[in-house]
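Hi,

Here is the structure I promised to pass on.

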Amino acid sequence: MHKLILKPGREKSLKRKHPWVFSGAVARVEGEPKEGETVAVRSSDGEFLAVAAYSPNSQIRARVWDWKERTIDGAFFNERIKRSVAQRRTVLDANASDAMRLVHGESDGLPGIIADRYGDTVVVQLTSAGAERWKEEIAEALLQVTGAATVWERSDAEVRHLEGLPPRTGLLRGTVPAAPLMVSEHGLRFEVGFEGGHKTGFYLDQRDNRLKVRALSAGRDALDCFCYSGGFALNMLKGGAKSVTAIDSSADALAQAQRNAALNQLPQADWMEGDVFQSLRRFRDQGRSFDLIVLDPPKFAPTVSHVEKAARAYKDINLLGFKLLRPGGVLVTFSCSGGVSADLFQKIIAGAALDAGVDARVTDWLHAAPDHPVALNFPEGEYLKGLICRVGALG
Ligand code: SAH
């Protein structure tokens, strides 16, 4: 096996079982591993540390497959994927949804591999050279383990550029599903744009948070910002909101949201195509107000280098959100930026409330649904965080 030898003292993070080897930690490569090939990672004094996938074009030069010496092959992926799928059975209520994340990358011991199940279709996203190298074995294992009719590839995430991998989408195994794909979540049905929608087609991570919003909606004038295919807006309608306004910049997403509302025999929301930053300002200038506001923006800070700019953007929309709330109103606010910690996010929201001149308290801390686990040795996996804040002076 090819070898990756670390600089002296750079084995520490691997000993804590953190699965990434950064380029700066590498002293030398022995042999000529090709992109995605398996290497044995060793410390400067020759101690074996892990078997990993080699990524010559990435700052993350290797990602760990296993901490013991072993062969990486189809059987490895079969075993890991089987374990990952079996664990979902213990964390997810089978009645909650027929859509779930089956493989969540590093946190499932499968770096660079995301697999989401939508009914009979598994959509897979491969974002590292190692995952790319084993694509056929991964597709085969997903098919075998799940018994799905289709394995579809959506390897078109931005991060592939960092690995020097071109985007690729299309059929990997089975038959092309009859579009549109439908899933059900907590009793609501949604169309999934697996071919061209965001992520693998649907934001599965917000499943349980949507239910929480449903429970807050009865009799409320509600606003869903960054509504995509209507995940929160439909739950507001289902929960008996008096009115629902929903904003997104994508006409396609709004058309899908509209179809989703019709599919569930719900009244239509006031679907608005536009920029949330501008729309919130306009609402403020018009003196509009709401009882319930959801802010679920896209990733403003993919990495820590974008944090400052992202913090300003979060502060901006949250400040406006607080200003648009009536006394007693509720703000449900999220960040899915890996570069913004839960602690920093709460500080930003506190600053926004202060500048908006409102008194607010956190009544709930939100996270990704349990089919998106965070391995304790991989804190980077905790990307989605949210707060439910209630506004209004005490007494
Ligand atoms: N809340 C959604 C997921 C939101 S994803 C759900 O539960 O499924 C983020 C959405 O923000 C995308 O649909 C994208 O089209 C939209 N978006 C990105 N920037 C925007 C902007 N400046 N104004 C309005 N929408 C924007």
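(Buried means under 20% relative accessible area, exposed over 50%, and partly exposed in between, using a 1.4 Å probe and protein chains only.) You'll find Ala149 in the loop between α4 (135–146) and β10 (150–155). Its C-alpha atom is separated by 8.0 Å from that of Arg173, 24 residues apart along the chain.

Before you go further, please keep in mind that this is a predicted model, where local features need pLDDT of at least 70 and side-chain atom pairs count only at pLDDT 80 or more, while totals for chains, interfaces and linings use all residues. Residues are numbered from 1 along each chain as its sequence is written, and side-chain values use heavy atoms, with hydrogens and water left out. Helices (H or I, at least four residues) and strands (E, at least two) are DSSP runs, numbered from the N terminus.

Now the ligand. It is surrounded by 16 residues, and the closest are Arg210, Asp248, Asp275, Val276 and Asp296. (A residue is near a molecule if one of its heavy atoms lies within 4 Å of it.) That shell divides into 8 nonpolar, 4 polar and 4 charged residues. (Ala, Val, Leu, Ile, Met, Phe, Trp, Tyr, Cys and Pro count as nonpolar, Asp, Glu, Lys and Arg as charged, and the others, Gly among them, as polar.)

- Asp275 has a polar side-chain atom 2.7 Å from a nitrogen atom of the ligand.
- Arg210 places a polar side-chain atom 3.0 Å from an oxygen atom of the ligand.
- Ser249 uses a backbone N or O atom, which lies 3.1 Å from a nitrogen atom of the ligand.

Taken alone, the ligand exposes 590 Å², and the protein buries 90% of that. (The areas come from the Shrake-Rupley method with a 1.4 Å probe; for residues, only the protein chains shown count as cover.)

Next, the largest nonpolar core. It has 40 residues, and those with the most contacts inside it are Tyr118, Met236, Val244, Trp271 and Val332. (Such a core is a set of buried Ala, Val, Leu, Ile, Met, Phe, Trp, Tyr and Cys residues joined through side-chain atoms within 4.5 Å.) Elements that each supply at least two residues include β12 (181–185), α6 (231–238), α7 (251–263) and β18 (325–335). The most comes from α6, with 5 residues. Domain 2 (74–178) and domain 3 (203–391) both contribute, so this core lies between them; the bounds come from an automatic or database domain assignment.

As for α6 itself, 7 of its 8 residues are buried, so the helix is largely enclosed by the rest of the structure. Phe232, Leu234 and Met236 are among the buried ones. After α6 comes Gly240, with a positive phi near 90°.

Lys17, in the loop between α1 (12–15) and β2 (20–22), is partly exposed at 38%. Gln265, in the loop between α7 and β16 (270–273), is exposed at 73%.

Last one: Ser55 sits in the loop between β5 (48–54) and β6 (60–66) and is buried, at 2% relative accessibility. Its side chain makes a polar contact of 2.8 Å with that of Glu163. (That means a pair of N or O atoms within 3.5 Å; within protein, one must be able to donate a hydrogen and the other to accept it, and residues adjacent in sequence count only if both atoms are side-chain atoms.)

Cheers
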